[in-house]
Amino acid sequence: MVAYPPARKVAELPTGTNLPAVGWYNRTVIIDAVRRASEGISRVELVALTRLSAQTVSKVCAALVREGVFEESGRQGAGVGKPRTMLRLRAGHTYSVGVHIDPTQIATVLVDLTGASVAHRVLPLVEIPDLDDALSEIVAAVDELTERHGIPRDALVGVGVAVPGPIDVRSGVVLDPPFLPQWGHADVLSRLTELFDLPVLLEKDVTAAVVGERWSNTSTDLSNMLFLYYGTGVGAGLVVGNQVIRGATGNAGDVGDLLIRSDDVANLGGALLPTRVVELARERGILPASTPGAAVSPVRDDFARIVEAAAGGDGAAREVMDELARDIAAAVTEIVNLLDLDSIVFGGPYWTLIADLVGDSVAQRVRESKNIVPTHPISFFSASSGDQVIAMGAAALVLDRHFAPQADGLLIRR
């Protein structure tokens, strides 16, 4: 038995708090409460909801109205008494930018303070294979979007960048993403910070997706959630106890090597990857076999053909989709058992293709699995942002950092 090593360093221990930290935290609690009230909310209701004093709520709200973060949106009242002035976010006060660097494309999205998309642009990565050109194209895309919509640069609070892992969060370097070899050891954070002259946040793609879904979906309790991303690769974003799980280095959620129990024990990545589904379709004659020297179709096009065939009643294609649903359900069951989760969200460009075909089947298989451990209900959703879920999530990272209550925000920074 090996003894526990000594603490790595004192600097990693939690720090205390002070009045400025508490004040900022209370401010973000109030902003978050107003953001979630799409129809508006009164100061009296804020007092009851946040459990802050009426004086604190009144003072913070007055400051936020002056700053233009809140706007007063009419009065409501019934019976005796003074009608209450309703507060809501002023969407045009602040904007953020989200960038998703994917193995096949770079998606850039501009969102307002509510998290709604104002504009987006997608650049095929094959057209810009050089890293320097790609970074310049990202900046040009943001400039084009802001100019087109008349948004001044000082209205941008920052840029969020989501990339496949692994990443080094502290240095802002993308390490060795399996499907993006040209981005290996790229110092994305500092280079984009310099090019934009704005704060830039770097996050793993599935973590950004989780933050984005929680920001945009204000009507659902997502405090214990699995976000299963189905794109070129497969990843898991996690929320446990209302905290986004990032892990020791920001690389949590890499589930490609997870073993799943289906008909045979299988590797999750090997069972679910769209490339594997296409290979299986070729083996079974659903797609024509590859011919040496012939042009190779993009995986997404071939995958879409399989889905179309299954939707059209092709028995062999339907069987492939059923096996895919089985393997997704097996993976979800394993992760739900591990972390006792009650909300499952699916997203990504390949999920949008199969959601109608396999979504209900996956949910039913998980709920009826003989391997499922939790006894509570489990809810299933598709991501609210569709194909742009990670780019939207990257933009939400910035908004979340500035305007949502963060437990670590109470700690005094060294």
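Colleague: Is D322 buried, partly exposed or exposed?
Modeller: This is a predicted model. The relative accessibility of D322 is 39%. Buried needs under 20% and exposed needs over 50%. So D322 counts as partly exposed.

Colleague: Which residue forms a salt bridge with D322?
Modeller: The closest N and O atoms of the pair are 2.9 Å apart. The partner lies in helix α11, and D322 lies in helix α10, 43 residues apart.

Colleague: How many residues apart in sequence are the parts tied together by R284 and E323?
Modeller: R284 and E323 form a salt bridge, with the closest N and O atoms 3.0 Å apart. R284 sits in the loop between α8 and α9, while E323 belongs to helix α10, so the pair ties together parts separated in sequence by 39 residues.

Colleague: Is E323 buried or exposed?
Modeller: Its relative accessible area is 17%. The cut-off for buried is under 20%. So E323 is buried.

Colleague: Which strands stand at the edges of the open sheet of 5 strands?
Modeller: The order is β13-β12-β11-β16-β17, with mixed pairing. An edge strand here has a single partner, so one side is left without a neighbour in the sheet. That gives β13 and β17.

Colleague: Which residue in β17 stands opposite F346?
Modeller: β16 covers residues 343-347 and pairs with β17 in the parallel sense over 4 bridges. Opposite F346 stands S382.

Conventions: Residues numbered from 1 in each chain as written. Predicted model: local features only at pLDDT ≥ 70, side-chain atom pairs only at ≥ 80, totals over all residues. Heavy atoms only, no water. Pairing = 2+ DSSP bridges. Helix = DSSP H or I, 4+ residues; strand = E, 2+ residues; numbered from the N terminus. Salt bridge = Lys/Arg side-chain N within 4 Å of Asp/Glu carboxyl O. Buried < 20%, exposed > 50% of the residue type's maximum accessible area, 1.4 Å probe, protein only.
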